[in-house]
Amino acid sequence: MVFKDGTNAMPGLQIFRNHGYNWIRLRLFVEPVGGNLPNNLAYTIAEAQAAKKLGYKFLLDLHYANSWADPGKQPTPELWKNLTHQQRVKKVFEYTRDTIAAFQNAGVMPDMVQAGNEITDGMLWPDGKLPGHWKEFTDYLRAGIKGVDEGCGTNPPPRIMIHIDQGGNVARTKYFYDNLERYHVHYDVIGFSYYPWWHGSLMDLRENLAFAAMRYHKDIIVVETAYHWHATSETAGIAMPFPETPEGQAQYLDALANTVMNTPDGRGIGLFWWEPAVVGRGALGARSFFDDHGESLPVLDTFDKYTRPARRSN
């Protein structure tokens, strides 16, 4: 991809850094399948190294799958399917431990790790599918979290995020995180996906962020969000809160950032956009911070007022 920000072509990571963006989120598949899925360990370490050189912090998203894992599918890796439950728990621990050790040995220890991606309905299906298998599911979570700790050796471990997709849903949030407490799963950060065409209004999100902050006393990140800069079939027939234009996309991110920053007790600590670095038409390209020619859109400038120093007078 070729990206521009009122300049000649420049690496996308550098453009974001120039505007004060300071974290990168990278997904990792166990054994990627398909030619368009490069997210193996070597690729992800290389991406993390490129980001760390520019001063980014790094959130590692462990999918515990060979391909996409989300609320509609949480496929068990092929080589793990015929194991017993206890063997699979051990495999989750060993895989996580060895993965974290590999990042450490490469000099790019993650600053935060997700144990699973959008795991509202569990992971490693069918054994860890919710609501019927809470014990099995939380066995996997605890194994992954233990693997993160042990992969660090004597170094301080990254913070652990548990990520669901229900950013605007208090009832689902309460059900899920109350059960984590019931099964004694220890973690540091709550992660929500929030896409306004799926997860309610910004007021719904605001209510849920306040609820989660007051009930669980954890830091919270909106770890996936997006808005379109041109109309797509993804939102056809849906009344959107801002125009699906370059200007409307920027208005959305500004409103979302303020919603997160106003979470009680300062518990709303950040947000991640998926996916900002794309060129091309289609639903994913419509979420990009760059137009069809790779030129930056107004949304890229949203955080300048927070990250660029004001001119001082003597």
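**Exercise 1. Describe helix H7: which of its residues are buried, and what do they pack against?**

*Solution.* 
Step 1. List the buried residues. In H7 these are Gly 248, Gln 249, Ala 250, Tyr 252, Leu 253, Leu 256, Ala 257, Thr 259 and Val 260. Buried means under 20% relative accessible area, exposed means over 50%, and partly exposed lies in between (1.4 Å probe, protein chains only).

Step 2. Know the source. This is a predicted model: local features need pLDDT of at least 70, side-chain atom pairs count only at pLDDT 80 or more, and totals for chains, interfaces and linings use all residues. Residues are numbered from 1 along each chain as its sequence is written, and side-chain values use heavy atoms, with hydrogens and water left out.

Step 3. Check the helix length. H7 covers residues 246–261, 16 residues in total. Its first and last C-alpha atoms are 23 Å apart, close to the expected 22 Å. The expected span is 1.5 Å times one less than the number of residues. Helices (H or I, at least four residues) and strands (E, at least two) are DSSP runs, numbered from the N terminus.

Step 4. Find the partners. The buried residues of H7 pack against strands E5 (189–194), E6 (219–225) and E7 (268–271), and against helices H6 (202–216) and H8 (283–286). Contact means heavy atoms within 4.5 Å.

**Exercise 2. Treat helix H5 likewise: which residues are buried, and what covers them?**

*Solution.* 
Step 1. H5 runs over residues 170–182 and has 13 residues. It reaches 18 Å from first C-alpha to last, close to the 18 Å expected.

Step 2. Thr 173, Phe 176, Tyr 177, Asp 178, Asn 179 and Leu 180 are buried in H5.

Step 3. The cover on these buried residues includes H4, strand E4 (159–164), E5 and H6.

**Exercise 3. At what angle do the axes of H2 and H3 cross, and which residues make the contact?**

*Solution.* 
Step 1. Two packed helices are described by the angle between their axes and the distance between the axes.

Step 2. Read the geometry. The axes of H2 (residues 41–53) and H3 (residues 85–105) come within 10 Å and cross at roughly 40°. Axes are lines fitted to C-alpha atoms, for helices over the stretch in contact, and angles run from 0 to 180 degrees between N-to-C directions.

Step 3. Classify. H2 and H3 are therefore oblique to each other. Angles under 35 degrees count as roughly parallel, over 145 as roughly antiparallel, 65 to 115 as roughly perpendicular, and the rest as oblique.

Step 4. Assign the hand. The crossing of H2 and H3 is right-handed. That label applies if the near helix is turned clockwise from the far one by less than a right angle; anticlockwise is left-handed.

Step 5. Name the contact. H2 supplies Leu 41, Thr 44, Ile 45 and Ala 48, while H3 supplies Thr 99, Ala 102 and Phe 103. The contact has 5 nonpolar residues, 2 polar and no charged. Ala, Val, Leu, Ile, Met, Phe, Trp, Tyr, Cys and Pro count as nonpolar, Asp, Glu, Lys and Arg as charged, and the others, Gly among them, as polar.

**Exercise 4. How do H3 and H4 cross, and how do the contact residues divide?**

*Solution.* 
Step 1. The axes of H3 and H4 (residues 134–151) come within 7 Å, crossing at roughly 30°. That makes the two helices roughly parallel.

Step 2. H3 passes H4 in a right-handed crossing. Residues in the contact include Val 89, Val 92, Phe 93 and Arg 97 of H3, with Asp 139, Tyr 140, Ala 143 and Lys 146 of H4.

Step 3. The contact divides into 8 nonpolar, 7 polar and 6 charged residues.

**Exercise 5. Is Leu 60 buried or exposed, and what does it touch?**

*Solution.* 
Step 1. Leu 60 lies in strand E2. Its relative accessible area is 0%, so it is buried.

Step 2. Leave out residues up to four places away in sequence. Leu 60 then touches partners including Leu 26, Thr 44, Thr 99, Ile 100 and Phe 103.

**Exercise 6. Where are Tyr 64 and His 184, and is each buried or exposed?**

*Solution.* 
Step 1. Tyr 64 sits in the loop between E2 and H3. Its phi is near 50°, a positive value in a residue other than glycine. Tyr 64 is buried, at 2% relative accessibility.

Step 2. His 184 sits in the loop between H5 and E5. Its phi is near 60°, also positive. His 184 is exposed, with a relative accessible area of 55%.
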